[in-house]
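Please keep the sequence and the model in view while reading the points below.

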Amino acid sequence: ELSDEVSEEYEYVPAKVVRREHRRQRKVCSCGCFAVGDAPVRVIEGGLYGPGLHAHVAVAKCADSIPLDRQAKAFKRAAVPMSKSTLCDVFHRGAALLGPLAYRVLQLVASSSHVNADETSLKVQQKKECRRAFVWDFIAKDEEGHMMVAYRFSPDRSGKTPIEVLGESTGVLQVDGYTGYNQVTTPKKRKRAGCWSHARRKFFEAIETAL
């Protein structure tokens, strides 16, 4: 016999939603006292949706850019009773529960000796037309070398966000030439390091007029 010929094929297995039924044993004593088994731990008391579903809604919206109304349609096809407003509650509940972790990451980023930062615009819905807001990202490593990324939403591009995140911390801040970082890159705070990518752009711009 010769060795087997091996080939690969990727197949898609659709995700499924599981409906769990929790049964709590009940008993009554001859004296008339009742006893009920402990209830399972849930994300919120009396809640219908488990932690995995909370995580899925957040990942689908933030990492895969799937709006809540589209998620509601997908859940409807799976026979899960979830409206857009319910999904919105689930999303914000998850954010509230993860708030302490997000706050801790911001603290660790501010304590790092070297931080990279940048900001990017995004459109935010409002009644007449979309307005422009910004998401700021701060990247650093902890003492064990693990990468940390912290995001902060801001309705504008002012230097208020870098001040709120980095405060009076010291070290190096590697950013582009945007003036919004000026207040945290002073002699008594962080040293400012440039960005090779932004410097590279200037050389390509110079080529157009150098010939």
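**Helix and sheet packing**

Helix H2 passes helix H3 in a right-handed crossing, a crossing being right-handed if the near helix is turned clockwise from the far one by less than a right angle, and left-handed if anticlockwise. This is a predicted model, in which local features need pLDDT of at least 70 and side-chain atom pairs count only at pLDDT 80 or more, while totals for chains, interfaces and linings use all residues. Residues are numbered from 1 along each chain as its sequence is written, and side-chain values use heavy atoms, with hydrogens and water left out. Helices (H or I, at least four residues) and strands (E, at least two) are DSSP runs, numbered from the N terminus.

**H2 and H3**

- H2 and H3 (residues 84–111) pack at an angle of about 115°, and their axes are 9 Å apart; axes are lines fitted to C-alpha atoms, for helices over the stretch in contact, and angles run from 0 to 180 degrees between N-to-C directions.
- The two helices H2 and H3 are therefore roughly perpendicular to each other (angles under 35 degrees count as roughly parallel, over 145 as roughly antiparallel, 65 to 115 as roughly perpendicular and the rest as oblique).
- On the H2 side, Leu68, Asp69, Gln71, Ala72 and Phe75 meet Lys84, Leu87 and Cys88 of H3, where contact means heavy atoms within 4.5 Å.
- The contact of H2 with H3 comprises five nonpolar, one polar and two charged residues; Ala, Val, Leu, Ile, Met, Phe, Trp, Tyr, Cys and Pro count as nonpolar, Asp, Glu, Lys and Arg as charged, and the others, Gly among them, as polar.

- Helix H1 (residues 51–62) packs with H2 (residues 68–77) at an angle of about 130°, their axes being 10 Å apart.
- H1 and H2 are therefore oblique to each other, and their crossing is right-handed.
- Leu53, His56, Val57, Ala60 and Lys61 of H1 make this contact with Leu68, Gln71 and Phe75 of H2.
- Five nonpolar, two polar and one charged residue form the contact of H1 with H2.
- The axes of H1 and H3 come within 9 Å and cross at roughly 95°; H1 and H3 are therefore roughly perpendicular to each other.
- Here His54, Val57, Ala58, Lys61 and Cys62 of H1 touch Leu87, Val90, Phe91, Arg93 and Gly94 of H3.
- The contact of H1 with H3 divides into six nonpolar, two polar and two charged residues.

**The sheet**

- Five strands form an open sheet in the order E5-E4-E3-E6-E7, with mixed pairing; two strands pair if DSSP finds at least two bridges between them.
- Strands E5 (147–154) and E7 (190–193) stand at the edges, each with a single partner strand, so one side of each is left without a neighbour in the sheet.
- On average, neighbouring strands of this sheet are turned by 30° against each other, direction ignored.
- H3 packs on the sheet and touches E3, E4, E5 and E7; the direction of H3 makes about 110° with that of E5.

**Strand pairs**

- E3 (residues 114–124) and E4 (residues 131–141) run antiparallel and are joined by nine bridges; they form a hairpin with six residues between them.
- Leu122 stands opposite Ala133 in E4, and the bridge partner of Glu119 in E4 is Trp136.
- Eight bridges join E4 to E5, also an antiparallel pair, with Asp137 opposite Tyr151 in E5.
- E4 and E5 form a hairpin with five residues between them, and Gly145 in the turn has a positive phi of about 90°.
- E3 and E6 run parallel and are joined by three bridges, with Val115 opposite Leu173 in E6.
- E6 pairs with E7 in the parallel sense over four bridges; Val172 has Lys191 in E7 as its bridge partner.

**Aromatic pairs**

- A search of the whole structure finds two aromatic pairs; rings of Phe, Tyr and Trp (its six-membered ring) pair if their centres lie within 6.5 Å, and planes under 30 degrees apart count as stacked, over 60 as edge-to-face and the rest as tilted.
- Trp136 and Tyr181 form an edge-to-face pair, 5.8 Å centre to centre with 75° between the planes.
- Trp136 lies in E4 and Tyr181 in the loop between E6 (171–174) and E7, so the pair ties together parts that are 45 residues apart in sequence.
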